[in-house]
Amino acid sequence: MMNNNVYRETFVSPFHKDTEGDALQVLDAIREAHPESSGWVEIRGFVERLPSGQYRAVRVHEHHKDN
């Protein structure tokens, strides 16, 4: 049976970090807050460098709810 209760979002962290490693820690925190055990599925997670030279975490994920 197809699950029609799917919510997809792109989460862009508002917290800009000085290093890629610090931004990866933010990404890990997002992952911990939206675990697969609660119905979240990561489509793509990454760190991007901003024009300012800082970094931010981005995660595209879906939340699957049972009918």
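User: Buried or exposed: which is Arg-59, and what is its relative accessible area?
Analyst: This is a predicted model: local features need pLDDT of at least 70, side-chain atom pairs count only at pLDDT 80 or more, and totals for chains, interfaces and linings use all residues. Residues are numbered from 1 along each chain as its sequence is written, and side-chain values use heavy atoms, with hydrogens and water left out. Arg-59 is buried (under 20% relative accessible area; exposed is over 50%, partly exposed in between, with a 1.4 Å probe and protein chains only). Its relative accessible area is 4%.

User: Glu-42 and Arg-59 meet in a salt bridge; how many residues apart in sequence are the parts it ties together?
Analyst: Their side chains meet at 2.8 Å, N to O (a salt bridge is a side-chain nitrogen of Lys or Arg within 4 Å of a carboxyl oxygen of Asp or Glu). Glu-42 lies in strand 2 and Arg-59 in strand 3 (strands are DSSP runs of E, at least two residues, and helices are runs of H or I, at least four, numbered from the N terminus). The pair therefore ties together parts whose separation in sequence is 17 residues.

User: What is the relative accessibility of Glu-42, and which backbone nitrogen lies 3.3 Å from a polar atom of its side chain?
Analyst: Glu-42 counts as partly exposed, at 30% relative accessibility. Leaving aside neighbours within four places in sequence, Glu-42 is in contact (heavy atoms within 4.5 Å) with Arg-31, Arg-59, Val-60 and His-61. The backbone nitrogen at 3.3 Å from its side chain belongs to Gly-45.

User: Where is His-61, and which residues share polar contacts with its side chain?
Analyst: His-61 sits in strand 3, residues 55-64. It is buried, because its relative accessibility is 0%. A polar contact is a pair of N or O atoms within 3.5 Å; within protein, one must be able to donate a hydrogen and the other to accept it, and residues adjacent in sequence count only if both atoms are side-chain atoms. The side-chain partners of His-61 are, at 2.8 Å, Glu-9 and, at 2.9 Å, Arg-59.

User: How many residues apart are the partners in the salt bridge of Arg-8 and Glu-62?
Analyst: The two side chains meet at 2.9 Å, N to O. Arg-8 is in strand 1 and Glu-62 in strand 3, so the pair links distant parts of the chain. Arg-8 is partly exposed at 49%, whereas Glu-62 is buried at 14%.

User: How many salt bridges does the structure hold, and which residues do shared partners join into one network?
Analyst: The structure holds 5 salt bridges. One of them pairs Glu-48 with Arg-56 at 2.5 Å, N to O. Salt bridges that share partners form one network of Asp-28, Arg-31, Glu-42 and Arg-59.

User: Which residues of helix 1 are buried, and what arc do they cover around the axis?
Analyst: Helix 1 (residues 20-33) has 14 residues. Its buried residues are Ala-23, Val-26, Leu-27 and Ile-30. They lie on the same side of helix 1, because the arc they cover, taken from the directions from the helix axis to the C-beta atoms, is only 100°.

User: Which exposed residues does the opposite face of helix 1 carry?
Analyst: What covers the buried residues of helix 1 includes strand 1 (6-12), strand 2 (40-49) and strand 3. The face turned away from that buried side carries Gln-25 and Glu-32.

Notes: The expected span of a helix is 1.5 Å times one less than its number of residues.
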